[in-house]
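Hi,

Here is the structure I promised to pass on.

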Amino acid sequence: MKKLILCLFGLGCFTYTHAQFLQNNPNSNHGNKFEQLETILHDPNIYRSASGAPGPKYWQQKADYLINCEINDKTQVLTGQETITYTNNSPDNLTYLWLQLDENEHKNTSDKQYINGSAIKDKLTTVQIEAIIGVEKGLGVNILKVADANNNLLTYTINQTMMRVELPTTLLPKQKFVFKINWNYKITDRSVLGGRGGYEYFADDDNYLYTITQWYPRMAVYSDFQGWQNKQFSGSGEFALTFGDFKVNITVPADHIIGATGQCTNYTNVLSGSQLQRWKQAQNTNEPIEVVTLTEANKAIKSKSTTKKTWMYEAKNVRDFAFVSSRRLVWDAMQVKLDGGNRPMAMSYYCPEAYSLYRKYSTKLVAHTLKVYSKHTITYPYPVAISVEANNGMEYPMICFNYGRPEKDGTYSEAVKYGMMGVIIHEVGHNFFPMIINSDERQWTWMDEGMNTFCQYLAEQEWDNNYPSRRGPAHLIANYMRLPKDQLEPIMTNSENIVQFGANAYGKPATALNILRETVMGRKLFDYAFKEYARRWAFKHPTPSDFFRTMEDASAVDLDWFWRGWFYGTDAVDIAIDGIKYFRMDSKNPETENQLNKKADDNEAYVISRKRNRDEGIKFAVEADTSLQDFYNKWDKYAVSAKANQNFITYYKGLSADEKKLYDNKINFYQVDFSNKGGLVMPIILEWTYTDGTKDVEYIPAYIWRKDENKVTKVFAKAKQVASLRLDPYRETADIDESNNNFPKVLSTSKFEMFKQQSLPRGSLGGSNPMQQDAKK
């Protein structure tokens, strides 16, 4: 990637480029997969350097918010007033601003209600049924007023989930514009309409759990590489947001507990004396302390306050703000000591129903995640990190919402346990990607979900060496990669156009990064480069080009072939051993060579008829009448003559010292033919098993394919004789067909179960919740 040529005709060309258009030497067996990404990546410039670092003139906008809001617990309506201070750090003159109104995705006129196909299945969720019937009217954001700092009304236009505000005068570079927005919206039921935020209703006690996200008019990103990011929000593609400082005042019923982005500045006014004391205690402990206890939460559930309290929060240098509010929350907290010196508070908020799982694991998982991610990226810079049990999975700065609710008796299955642990690590990890390393989620889902899933895998494996990670190990993506090509899309595909969303945006990029770390680059080079990327782009807006370039710039490893194959293509990994030939050096020693020749000749001359004739006792003519025998019947053509011996001695003495050393090593040569059946070039990893039972593993770089991307032959010299050969022994390349990875071929094994056809009660074969079954014994 020395000189880069811009070939983009808009962002769409970048993300939907098909593999066939990436070929440099079409209709040839080489010169395609290893060519540099010259015509694909954004051109470097003064804003983004060719090294992958921010350029000398890099800039980004800033948006500061002062928000006052209130939740009506009877009508489930949120009302808000905000003052936005927008700073134009770009070199451009701006005549209008774009804001995001994500709650408008729930409007019955939103494109989201019409752009997805539907079909009747045997089972449909309430969300699917509601989508077919159509959502109720009256949802979405009601904009009540848009005015400048002096309350002069501003002209605005709402286009579904985006709102354009006309500026009264041109906003010049380095200038600020202050304006105000009043709005409200009806909070939706997440269990019915889906979505990232909303409420969960608990009918048994007539209470609500509010997870308030994407709830205020938010500034869209204006950047050097695409101008305004005003692509509509339709549910899949998440967010592109501007950093800024927040002051948020949240008014709720007096018995509600709030957890939010940033730090609460008035705990003395909203907590009881004992709660405040426990909060102070939690700031100096290595074990979670219940600030709001289970007993207090259960008591609050039984009655509803008729008064209100206002919780005041501040957050510096964040891209968003979210919060949870309910009277049915337990809250625990502990301090986390990070190597970089920061001492953030790890905290969890959860309903009593989740107590048996969240009290034991949640806050410690938050702390563990911060430590592992800080090691691999940058030291976590914020003052808090919060996990909220909300029967949901979503992330925002310093706060996230997670799944994992036990049975009513407090027991849980292994699947629920690890599902909860995985989602907490993942959602807390999003503080790094994209809350700090602030990529454009609306355009490149993999840059936050894929990178975060990769780091999640690292954190899971550092939690427990036997942790059952679902994504990360190479072989776990093979099922996806062996799908027909018409069911696949490149990683570099816009969020809204991905069919296999989980595999494409989470699993495949996480696997690719893990392969880079473990197989292609090695841990030392990868870790340094990945950490450098995080350091360079913390609190900035990186693009894929910045990541690709940084990984190469910081490691001196040419990875264009890897990005081309894994990120821009849909080929699979399927390398096969087609054949092996054995060669040995001619020893010139007649005693050795004559015996080998005899063995070979005997093998060639052997026919089954001769054995059977001898076994039947046939009297052969030359044996019955010995007069028929002559010199050749008795001659041993494999006997070694004195002259032959002397010739060998003379030959050996004439060898140089280096030649004698090579001769005496008695090396075995194996010529192996490989084919690339899947199309995706990868290193060739070989496990050699020798006749004495020993083994060794050999790594051949992917560049072995550069002159023929379909087939390659290579000779290997071995001191020992080889018994068998295996490709990818540790399953680290995502090979989709392991049946052609062995020589000699190894039969695959499976098993079946014999059983009587009968109806078996649930749990009779082990059940889904062994903990519950054990408790009943």
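Let me start with a strand pairing: Ile 212 has Phe 323 of strand 18 as its bridge partner. Strand 9 and strand 18 (residues 323-326) run antiparallel and are joined by 3 bridges. Strands here are DSSP E runs of at least two residues, helices are H or I runs of at least four, and both are numbered from the N terminus; two strands pair if DSSP finds at least two bridges between them.

Before going on, please note that this is a predicted model, where local features need pLDDT of at least 70 and side-chain atom pairs count only at pLDDT 80 or more, while totals for chains, interfaces and linings use all residues. Residues are numbered from 1 along each chain as its sequence is written, and side-chain values use heavy atoms, with hydrogens and water left out.

Back to strand 9 (residues 207-212): 6 of its 6 residues are buried, so the strand is largely enclosed by the rest of the structure. Buried means under 20% relative accessible area, exposed over 50% and partly exposed in between, with a 1.4 Å probe and protein chains only. Asn 207, Leu 209 and Thr 211 cover one side, and Tyr 208, Tyr 210 and Ile 212 the other, all of them buried. Strand 9 also pairs with strand 8 (residues 198-202), antiparallel over 5 bridges, and Glu 200 has Leu 209 as its bridge partner. In the hairpin of these two strands, with 4 residues between them, Asp 206 takes a positive phi near 55°.

Further along, there is an open sheet of 4 strands in the order 27-26-29-30, paired antiparallel. Strand 27 (695-700) and strand 30 (742-743) each have a single partner strand, so one side of each is left without a neighbour in the sheet. Strand 26 (residues 684-690) pairs with strand 27 over 6 bridges, and Trp 688 has Asp 696 as its bridge partner.

Now for a helix pair. Helix 19 (residues 642-653) and helix 20 (residues 657-664) pack at about 120°, with axes 9 Å apart. Axes are lines fitted to C-alpha atoms over the stretch in contact, and angles run from 0 to 180 degrees between N-to-C directions. The two helices are therefore oblique to each other (under 35 degrees is roughly parallel, over 145 roughly antiparallel, 65 to 115 roughly perpendicular, the rest oblique). Phe 648, Tyr 651, Tyr 652 and Lys 653 of helix 19 make the contact with Lys 660, Tyr 663 and Asp 664 of helix 20 (heavy atoms within 4.5 Å).

Happy browsing!
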